[in-house]
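Student: I would like to go through this protein with you, one question at a time. Can we start on its surface?

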Amino acid sequence: MGIWDNLGKVAVGLGKELGKTAIEKVEEMKAYNDDLYGRSESELKSIYVSAKRSKNHMLAGAASAALKRDYDYSDFQVSLLLED
(Lines give C-alpha, C1' and ligand atoms only; values in the text may rest on other atoms or scores of the structure.)
Protein backbone atom coordinates (compact mmCIF):
# COMPACT_ATOMS: atom_id res chain seq x y z
CA MET A 1 0.00 0.00 0.00
CA GLY A 2 3.00 2.31 0.45
CA ILE A 3 3.44 2.74 -3.30
CA TRP A 4 -0.18 3.85 -3.66
CA ASP A 5 0.27 6.41 -0.91
CA ASN A 6 3.34 7.77 -2.67
CA LEU A 7 1.59 7.86 -6.02
CA GLY A 8 -1.32 9.68 -4.43
CA LYS A 9 1.00 12.26 -2.91
CA VAL A 10 2.71 12.79 -6.28
CA ALA A 11 -0.64 13.17 -8.02
CA VAL A 12 -1.85 15.71 -5.48
CA GLY A 13 1.44 17.59 -5.75
CA LEU A 14 1.19 17.73 -9.52
CA GLY A 15 -2.42 18.83 -9.33
CA LYS A 16 -1.55 21.70 -7.00
CA GLU A 17 1.49 22.68 -9.08
CA LEU A 18 -0.30 22.75 -12.40
CA GLY A 19 -3.57 24.07 -11.05
CA LYS A 20 -5.19 24.66 -14.42
CA THR A 21 -6.37 22.36 -17.10
CA ALA A 22 -4.43 21.93 -20.31
CA ILE A 23 -7.05 23.88 -22.25
CA GLU A 24 -6.77 26.86 -19.93
CA LYS A 25 -2.97 26.79 -20.29
CA VAL A 26 -3.24 26.78 -24.09
CA GLU A 27 -5.70 29.68 -24.00
CA GLU A 28 -3.42 31.62 -21.67
CA MET A 29 -0.40 31.00 -23.91
CA LYS A 30 -2.37 32.11 -26.99
CA ALA A 31 -3.41 35.29 -25.18
CA TYR A 32 0.24 36.03 -24.35
CA ASN A 33 1.29 35.41 -27.95
CA ASP A 34 -1.50 37.63 -29.27
CA ASP A 35 -0.54 40.38 -26.83
CA LEU A 36 3.15 40.21 -27.76
CA TYR A 37 2.52 40.29 -31.51
CA GLY A 38 3.91 43.46 -33.06
CA ARG A 39 5.81 44.59 -29.95
CA SER A 40 9.17 46.28 -30.42
CA GLU A 41 12.40 44.49 -29.67
CA SER A 42 13.05 46.63 -26.59
CA GLU A 43 9.54 45.96 -25.26
CA LEU A 44 9.96 42.21 -25.71
CA LYS A 45 13.34 42.27 -24.00
CA SER A 46 11.90 44.19 -21.06
CA ILE A 47 8.90 41.86 -20.81
CA TYR A 48 11.18 38.80 -20.92
CA VAL A 49 13.49 40.05 -18.16
CA SER A 50 10.58 41.15 -15.98
CA ALA A 51 8.75 37.85 -16.45
CA LYS A 52 11.86 35.81 -15.64
CA ARG A 53 12.52 37.80 -12.49
CA SER A 54 8.91 37.43 -11.34
CA LYS A 55 9.02 33.71 -12.24
CA ASN A 56 6.21 33.99 -14.77
CA HIS A 57 7.57 31.18 -16.92
CA MET A 58 4.74 31.18 -19.43
CA LEU A 59 5.10 34.89 -20.24
CA ALA A 60 8.89 34.57 -20.33
CA GLY A 61 8.56 31.70 -22.79
CA ALA A 62 6.18 33.65 -24.99
CA ALA A 63 8.47 36.70 -24.98
CA SER A 64 11.48 34.49 -25.75
CA ALA A 65 9.63 32.86 -28.65
CA ALA A 66 8.62 36.27 -29.99
CA LEU A 67 12.23 37.51 -29.86
CA LYS A 68 13.38 34.40 -31.70
CA ARG A 69 10.59 34.59 -34.27
CA ASP A 70 10.49 38.32 -34.94
CA TYR A 71 14.08 39.41 -34.32
CA ASP A 72 16.09 36.23 -35.05
CA TYR A 73 17.43 35.87 -31.51
CA SER A 74 19.21 32.65 -30.62
CA ASP A 75 18.76 30.84 -27.31
CA PHE A 76 22.15 32.16 -26.28
CA GLN A 77 21.19 35.78 -27.03
CA VAL A 78 17.98 35.41 -25.03
CA SER A 79 19.88 33.96 -22.06
CA LEU A 80 22.26 36.94 -22.13
CA LEU A 81 19.37 39.33 -21.49
CA LEU A 82 19.43 38.34 -17.82
CA GLU A 83 23.11 39.26 -17.55
CA ASP A 84 22.46 43.01 -17.88
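Student: Which residues make the nonpolar surface patch of about 370 Å²?

Tutor: Patches are made of residues with over 30% relative accessible area and no salt bridge, where nonpolar side chains (Val, Leu, Ile, Met, Phe, Trp, Tyr) are joined within 5 Å and like charges within 9 Å. Areas come from the Shrake-Rupley method with a 1.4 Å probe, and for residues only the protein chains shown count as cover. Here the patch is formed by Ile-3, Trp-4 and Leu-7.

Student: What should I know about the model and its numbering?

Tutor: This is a predicted model, so local features need pLDDT of at least 70 and side-chain atom pairs pLDDT 80 or more, while totals for chains, interfaces and linings use all residues. Residues are numbered from 1 along each chain as its sequence is written, and side-chain values use heavy atoms, with hydrogens and water left out.

Student: Where is Leu-7 found, and what is its relative accessibility?

Tutor: Helices are DSSP runs (H or I, at least four residues; strands are E, at least two), numbered from the N terminus. Leu-7 sits in helix H1, residues 2–18. Buried means under 20% relative accessible area, exposed over 50%, and partly exposed in between (1.4 Å probe, protein chains only). Leu-7 counts as partly exposed, at 46%.

Student: How far apart along helix H2 are Lys-30 and Asp-34?

Tutor: An α-helix has 3.6 residues a turn, so residues three or four places apart point the same way. Lys-30 and Asp-34 both lie in H2, residues 22–36, separated by about one helical turn. In residues, that is 4 apart.

Student: Which residue forms a salt bridge with Lys-68?

Tutor: The N to O distance in this bridge is 2.3 Å. Lys-68 is partly exposed at 31%.

Student: How far apart are the end C-alpha atoms of H2?

Tutor: The expected span is 1.5 Å times one less than the number of residues. H2 has 15 residues, so it should span 21 Å. The model agrees: the end C-alpha atoms are 21 Å apart.

Student: What is the phi of Lys-55?

Tutor: Most residues other than glycine have a negative phi. Lys-55 lies in the loop between helix H3 (41–53) and helix H4 (57–71). Lys-55 is exposed, at 64%. Its phi is positive, near 65°.

Student: Which residues does Leu-59 touch?

Tutor: Contact means heavy atoms within 4.5 Å. Residues up to four places away in sequence are not counted. That leaves Tyr-32, Leu-36, Ile-47 and Ala-51.

Note on methods:
A salt bridge is a side-chain nitrogen of Lys or Arg within 4 Å of a carboxyl oxygen of Asp or Glu.
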